Number of protein chains: 2
Amino acid sequence: MSSIGVSERAPLSIDWRAQRSAIDRELSSLCDRHANDLGPQLIEAVRYALLGGGKRLRGLLLLAAYRAAGGTADASALAASIEVVHAYSLIHDDLPCMDDDDIRRGRPTAHRAFGVRTATVAGVAMVPVAALSAFRAARELGLSDEQSANVAGELMHASGAGGMIGGQLLDLDAEGSDPPVEDLERIHRAKTGALIRAAAVIGGMAAQALPAKLDALAEYGDSIGLAFQIADDVLDVTATTDRLGKTAGRDLDLAKGTYPRALGVAGAERRAGELVEQACRALRHEGLLNEELDALAHFAVERAS
Amino acid sequence: MSSIGVSERAPLSIDWRAQRSAIDRELSSLCDRHANDLGPQLIEAVRYALLGGGKRLRGLLLLAAYRAAGGTADASALAASIEVVHAYSLIHDDLPCMDDDDIRRGRPTAHRAFGVRTATVAGVAMVPVAALSAFRAARELGLSDEQSANVAGELMHASGAGGMIGGQLLDLDAEGSDPPVEDLERIHRAKTGALIRAAAVIGGMAAQALPAKLDALAEYGDSIGLAFQIADDVLDVTATTDRLGKTAGRDLDLAKGTYPRALGVAGAERRAGELVEQACRALRHEGLLNEELDALAHFAVERAS
């Protein structure tokens with residue numbers, strides 16, 4: 001049975017576990033490579049953040065998009081670089097000045113384990129590490145320096161102000177208010193969607209896909225990124241802390257604007273389903289819908305049920 | 001009289017004020033360019049951090065190194081990108097979980113003005129902004145994509161774990177201890193030196209300097225970066241809060257290892273002077289010692305007297 005929770009759709013030919021292990025191995029090498037630079041204290045926090053498990057959804061997405069666009073080499077190192085950005089975002093999301101959360105993936109959050117100072121610094125240190133790793137990995141896949149710089153730039157752009165970081169703040173600012181659905185979409189497209197979109201697009205860039213295909217991958221990433229966030233909101237309402245590995249009901253505590261609040265649980269699930277269909281349609285139109293991208297799109301919403 | 005405080009050395013031909021204004025203009029355009037991405041709240045904090053004055057030493061260094069290496073175009077936009085990294089580092093240095101400082105350049109620090117959350121996020125958002133701006137500016141100077149990626153990579157490397165960010169943590173960890181001079185050098189070379197070194201090297205890269213010249217610029221940057229930090233330590237002991245524009249005597253309060261503690265004020269000043277001579281010697285050997293680089297090296301220590 002597939003550990004990503006899409007067993008009923010995913011044929012046995014997709015070995016998520018092996019792909020996830022390959023990404024984890026690359027994350028481990030990346031830590032080794034930066035151990036001297038980072039020094040003993042920071043590297044411990046970075047290892048904790050990077051090697052503590054996780055679904056590796058963004059990395060898997062990148063790999064699936066790469067193959068869908070014709071890539072045949074091992075892009076795990078590139079997939080690892082996007083997971084570095086994701087892991088950084090989790091560290092900072094959990095900080096006392098942000099969501100102030102104590103549990104993440106069933107363990108103490110980084111700032112609970114290492115202190116606010118080390119967690120803050122470790123998080124920031126991971127941004128240039130990700131950019132340099134992406135550039136290096138892209139070159140190793142045979143991309144030109146120009147293409148590799150574009151890949152690193154895409155990752156920086158998604159993790160920057162217009163993307164994840166900006167969305168994080170929009171999200172926090174919306175606390176205590178009841179934003180309309182359009183505002184929620186804008187917030188979540190930036191906060192969660194930007195990096196998921198980048199995963200799909202960078203996979204395509206690594207396979208040197210043509211612009212029309214990159215556009216389709218971007219639309220796919222956009223849609224499932226939003227679907228994923230809606231499902232996350234639904235999970236927060238319906239699941240237990242034990243199952244989530246992080247504090248459940250947190251969003252309600254923080255009086256955050258969420259989809260279940262705006263549309264009801266059933267309405268939120270319906271909207272997520274529509275987005276998944278839209279995502280797959282965009283890919284199908286460009287002949288890019290492989291089994292993995294189909295499974296990952298459905299995973300985005302089905303993990304909630 | 002030159003406003004950088006090197007009037008007795010700098011001939012009138014060096015117009016620091018004009019160069020600084022050009023960098024400030026580029027920082028302002030950079031803010032305009034990212035205003036939409038950043039949104040109203042973040043851009044306000046970023047503008048506050050970027051446009052609140054400052055010596056622009058790193059930017060001026062980059063420009064001087066560029067010209068010393070034969071560059072003839074206007075590299076102010078590239079100089080601005082290094083100031084973005086510096087400004088980010090100041091925001092995070094001042095955070096409650098770091099130095100916990102209230103005053104910077106005579107104004108409330110960013111977290112006092114905008115709150116810890118916005119200051120933290122604004123700081124992180126500036127790292128990818130700097131990388132993207134450096135890449136863009138390098139291309140506009142006619143560098144190839146490969147060369148431009150190297151410039152952005154150099155900046156990320158200096159601001160990353162092996163450089164500034166790592167040094168910041170080493171510095172904080174050394175609080176309350178009395179590290180020997182060798183440890184102090186290691187800390188300060190990373191914390192302050194890495195970005196000053198990068199300023200000199202990136203100036204050379206932008207002018208497409210050959211490796212021997214880049215090495216000389218790196219040695220220059222290394223030496224004056226350390227001299228600058230020593231002078232900073234001395235200033236912290238000898239100057240008033242009013243003159244510094246930040247809280248004086250802070251290092252002593254924090255029982256930080258400093259050069260005056262390790263070598264005495266006179267010993268620290270002597271060491272700084274030796275480093276400046278060493279810096280200039282390295283450049284002279286490669287025919288790179290122009291008036292500006294000479295003046296900037298001496299400024300690093302003379303501002304203290």
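Start with helix α1 of chain B, residues 16-50. Helices here are DSSP runs (H or I, at least four residues), numbered from the N terminus. This is a predicted model: local features need pLDDT of at least 70, side-chain atom pairs count only at pLDDT 80 or more, and totals for chains, interfaces and linings use all residues. Residues are numbered from 1 along each chain as its sequence is written, and chains are lettered from A and ligands numbered from 1 in the order written.

α1(B) has 35 residues, yet its end C-alpha atoms are only 18 Å apart. A straight helix would reach 51 Å (1.5 Å times one less than the number of residues).

Select B:G39 next. α1(B) bends there by about 125 degrees (the angle between axes fitted to the seven residues ending there and the seven starting there). The proline B:P40 follows within four residues.

Now show α2(B), residues 57-68, and α3(B), residues 76-94. They pack at about 150 degrees, axes 8 Å apart (axes are lines fitted to C-alpha atoms over the stretch in contact; angles run from 0 to 180 degrees between N-to-C directions). The pair is therefore roughly antiparallel (over 145 degrees). Contacts (C-beta atoms, placed from the backbone, within 7 Å) include B:L62 and B:L63 of α2(B), and B:I82 and B:H86 of α3(B).

Select B:L78, B:I82, B:V85 and B:H86 in α3(B). They meet B:L195, B:A198, B:A199, B:I202 and B:A206 in α8(B).

Technical notes. Helix = DSSP H or I, 4+ residues; strand = E, 2+ residues; numbered from the N terminus. Parallel < 35°, antiparallel > 145°, perpendicular 65-115°, else oblique. Contact = placed C-beta atoms within 7 Å.
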